[in-house]
Amino acid sequence: MKMSTLYVNGRIYTMDRNNTVYEAMVVEDGKIVKLGTTEELMAEKTADQALEDLKGCPVLPGICDCHVHMETTGAVMLAINATGKSKDELLAEVKEKAKDLAPGKWITGMGWNQDTWDGKFPSKEELDAVCPDHPVKLTRCCGHAFWCNSLALKLAGFNLDEVSTLDPQEYPVNEEGKLLGILIDGGCKLLEEALPAETKEDKIAHFKIAEKEALRLGITTIMNKGAGLVTASSPNCGRNAVAIEKELFEKEELKIRYYESLSGQDEYFDDCFEDGIQIDQCHGKFTLRSIKLFGDGAFGARSAWLTRDYRDQPGKRGFGILTDEEMIRLFKKADEKNVQISIHSIGDASIKQILDCYEIAFADSLHKDRRFCIEHCHLASDEDLARIISYNIIFSTQFLQLSLDMDVIPGILPDALLKRLYTWRTVVEKGVIVTNGSDSPCSTLSPFESLHTAVTRLSERGVNTFEEKPFKEALTRMQALRAYTTTAAYSMYKEDELGSLECGKLADFIVTDKDYFTCTDEEIAKIRVLRTYIGGELCYRAE
């Protein structure tokens, strides 16, 4: 017997090609089967059909977060949240946390940003002063640097008594030439390996708490960019993460749809696609058909690879993570298995390297429909943007990153690069496929805070520190929302199933308290999700 529900008296924004708005819809067995006026569909209502009155509330397609790290998001929610805290506040929290722990227990957290303090990386000695008996690892807000105390570094095998001979780009040093206590990108690897292994129960708790928050915010699908990744250097992270995800889906303990990208440097990559890509497994909720690679680091860690010097660090331009040969090999390896490629790239030098390697690796199939994604893609040059358009490469951005960078980025990047930072309107109007994600836990999962930044070009404080009005790169509301819906679905090969509320598509939708399309700009960030549905199933209801 078909399960059928009629939803009436709403404002249903379908996000179809004509941006049609309806009052009512019918959902049967998880799919939308009819759309129309309340009067029309009430006239056709059957006795066994459930009825839900939307009471004039707006309805939007379910949100797809196109770049998130779910397990790490959950882990950070249970650890120290350093976001927005001063250095003194964070040190005080570490000190307080240590009081309740037996000696030797690790203290972890995420979210600090030295650019909002004094612009200088903090030191191990500062952590030692408040917490000498517990190893401490605090991840920077970007996820590309660790701040550690001496005990953590010693447990990872570092010699703190001698002048360091390690690469200062990944292992910064103090005035004496000894390790400062900061590890960047590849430098994080030894510390990660020293961390105590999390239990399966820990990991399950992380996935579940992250999903609870995502459902509250209206997220119905996620593109998990790197199974089990903590940083770009995380070893052996994918196999266990994927196994846990599948187990939770089979037990129907996860509701959100997962489109998984496996870490390309993980050993699991060599055998996980032996039988081909994995599509719509686990009750149709889990797909694994992509890998995640890293081209460079991040602005805040000064490891994003630029063609010009950092403003505050003359002579430094960041660095690439893969050689051309390594990148080309991985591109070909994935493509031969029909595996989609997503690669992190922030600096303009890194974007150029990726496109150069793309042209070499795929010289005989440059225009194949491989839905290649460049993640972040913050500083593409005009020449490289033309190549992105030509090869139909997906521009996977994070609107909220502009808000997070606003107060500090003018002091980091030279003027010549600031002029082409986060050029969203330009790339959309040139026909580039733009998707949006949170990169949580590097920033909040909140889609409406992100959409507010996209359409206003303002930080959460309502300022823009490096552009003058009118903000020509601000998006329209429709352009911004499509990056979370229709183009997001396309980037997952799901455009015929998700992204819009049309007959035959899956009934993934949200009901909100304010109308995204008619409320004031200031109200967008405050929009509250009242209900979240996935495949017609109510997965969240606001209290």
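**Exercise 1. Describe the surroundings of the H134 side chain, beginning with the backbone oxygen of A98, which this side chain reaches at 3.4 Å.**

*Solution.* The model is predicted: local features need pLDDT of at least 70, side-chain atom pairs count only at pLDDT 80 or more, and totals for chains, interfaces and linings use all residues. Residues are numbered from 1 along each chain as its sequence is written, and side-chain values use heavy atoms, with hydrogens and water left out.

Step 1. Consider the polar contacts (a polar contact is a pair of N or O atoms within 3.5 Å; within protein, one must be able to donate a hydrogen and the other to accept it, and residues adjacent in sequence count only if both atoms are side-chain atoms). Besides the oxygen of A98, the H134 side chain reaches the backbone oxygen of K105 at 3.2 Å.

Step 2. Locate the residue. H134 belongs to the loop between α4 (124-130) and β11 (136-140); helices (H or I, at least four residues) and strands (E, at least two) are DSSP runs, numbered from the N terminus.

Step 3. Judge the burial. H134 has 6% relative accessibility and therefore counts as buried. Buried means under 20% relative accessible area, exposed over 50%, and partly exposed in between (1.4 Å probe, protein chains only).

**Exercise 2. Where do the partners of the salt bridge between D348 and R420 lie?**

*Solution.* Step 1. The two side chains, D348 and R420, form a salt bridge at 3.2 Å, N to O.

Step 1. D348 is in helix α12 (residues 348-361) and R420 in the loop between α15 (415-418) and α16 (424-429), so that distant parts of the chain, 72 residues apart, are linked.

Step 2. D348 is buried, with a relative accessible area of 4%.

Step 3. In the whole structure, a search finds 40 salt bridges.

**Exercise 3. What is the strand order of the open sheet of four strands?**

*Solution.* Step 1. The order is β5-β4-β1-β6, with mixed pairing. Two strands pair if DSSP finds at least two bridges between them.

Step 1. The edge strands, β5 (31-36) and β6 (50-53), each pair on one side only.

Step 2. Strand β4 (residues 24-28) runs antiparallel to β5, and five bridges join them. V27 stands opposite I32 in β5.

**Exercise 4. Which residues touch the most other members of the largest nonpolar core?**

*Solution.* Step 1. A nonpolar core is a set of buried Ala, Val, Leu, Ile, Met, Phe, Trp, Tyr and Cys residues joined through side-chain atoms within 4.5 Å.

Step 1. Among the 121 residues of this core, the answer is F299, F331, L413 and Y516. Helix α12 gives the largest share, six residues.

Technical notes:
A salt bridge is a side-chain nitrogen of Lys or Arg within 4 Å of a carboxyl oxygen of Asp or Glu.
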